[in-house]
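Keep the 3D view open as you read.

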Amino acid sequence: MTLTAQEVKARAAELGFVACGITDLGPSSRGDALDRWLRQGYGGNMRYINRQAKKRKDLRLIDREARRAVVILDNYYYPETAHADSIPRTARYSRSTDYHIITLKRINQLAELLLEHGAKTARPYVDTGPVPERELAERAGLGWIGKNTMLLRPGLGSWFVIGSIFTDLPLDVDPPFATDHCGSCTKCLDACPTDAFVEPYILDATKCISYLTIEYKKEIPAELAGQLGGWAFGCDICNDVCPWNLRFATEATIPEFRDRGELRGADEAFFDRMTEGEFEARFGDTPLARPGLERMRRNWRNAWGSLRKT
Ligand code: SF4
Ligand code: SF4
């Protein structure tokens, strides 16, 4: 029996995804912009993006068997994960179990549906591999890439994880999202504490707190460490201030995305006291495992230091 795009989307909704779109695969319209961004060094030490550039610029190269990408959005917004100002803050998505685990479990079930209906390939990606998720989602009609470089969806905002399944099933595709609803707004650009936006839509990741606290492996440069504003892992400011989030953010329905409370009451020596074994037991299945204990000690120290400066 032939599977229709509507049936795929209905199953995605049953699995708790807030949106689902389908796109064909072809050369990226943002390939030149990616080259320029890399040439300027805005990717810092994320050299994997250089290595992946060819595939990111031509989506057909990601999986040569695939003809379509089914793209889903997984809302992770719980209002109670708003950060207390007095202690170091961590990005909203980092306070639950790792989204790779939460979203992958359900996107795998969506992939099974495709395989049951004759797909030879149905490969899921959740912020993994050479997939330019935001562009893919825009191509699949799910939203536009805003001045803060996040994907924004009318009626929802941007508090979601983007996942995709590359498949050979010739499903009907959605028209790309063709309009930009940022208008004259510059709230995200104005609010960034480290001036990480070179211009609207272009982020110098080497200045971004998310990069500095998650990807950057050395000691955080002093002038930027002083501007962390208490962020110890990631930064939500350019999402927090966005009018589309302020107006439309909707509580998630996936309980695993709730704050696990692991950092509640954590004092200044919290990570310094912790052994590797304790860190693994407590944070091994959370996004904090990416920087690991040593870098969380660095981040925590710098975040407390930055709070004293404010
Ligand atoms: S995440 Fe924070 S530091 Fe990075 S661009 Fe957004 S506001 Fe700036
Ligand atoms: S804050 Fe304003 S400019 Fe920035 S992404 Fe949101 S709508 Fe666009």
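Around ligand 1, helices α7 (209–215) and α9 (237–240) each provide at least two residues of the shell. Keep in mind that you're looking at a predicted model. Which residues sit around ligand 1? They are Cys192, Pro193, Thr194, Phe197, Leu203, Cys208, Ile209, Ser210, Cys235, Ile237 and Cys238. Sort that shell by class and you get nine nonpolar residues, two polar ones and no charged ones.

Now for the helices. Here are two pairs to find:

| Helix pair | Residues | Axes | Angle |
|---|---|---|---|
| α2 and α3 | 31–39 and 47–57 | within 10 Å | roughly 170 degrees |
| α1 and α4 | 5–14 and 99–116 | 10 Å apart | about 155 degrees |

Take α2 and α3, whose axes cross at roughly 170 degrees. Angles over 145 degrees count as roughly antiparallel, so α2 is roughly antiparallel to α3. On the α2 side, Gly31, Leu34, Asp35, Trp37 and Leu38 make the contact, while α3 brings in Ile49, Asn50, Ala53, Arg56 and Lys57. By class, this contact has five nonpolar, two polar and three charged residues.

Next up are α1 and α4, with an angle of about 155 degrees. That makes α1 roughly antiparallel to α4, and α1 goes past α4 in a right-handed crossing. Where do they touch? Glu7, Val8, Arg11 and Ala12 of α1 meet Gln109, Leu110, Leu113 and Leu114 of α4. Five residues in this contact are nonpolar, one is polar and two are charged.

Terms used
Residues numbered from 1 in each chain as written. Chains lettered and ligands numbered in written order. Predicted model: local features only at pLDDT ≥ 70, side-chain atom pairs only at ≥ 80, totals over all residues. Heavy atoms only, no water. Near = heavy atom within 4 Å. Helix = DSSP H or I, 4+ residues; strand = E, 2+ residues; numbered from the N terminus. Nonpolar A, V, L, I, M, F, W, Y, C, P; charged D, E, K, R; others polar. Axes fitted to C-alpha atoms, helices over the stretch in contact; angles between N-to-C directions. Parallel < 35°, antiparallel > 145°, perpendicular 65-115°, else oblique. Contact = heavy atoms within 4.5 Å. Left-handed = near helix turned anticlockwise from the far one by under 90°.
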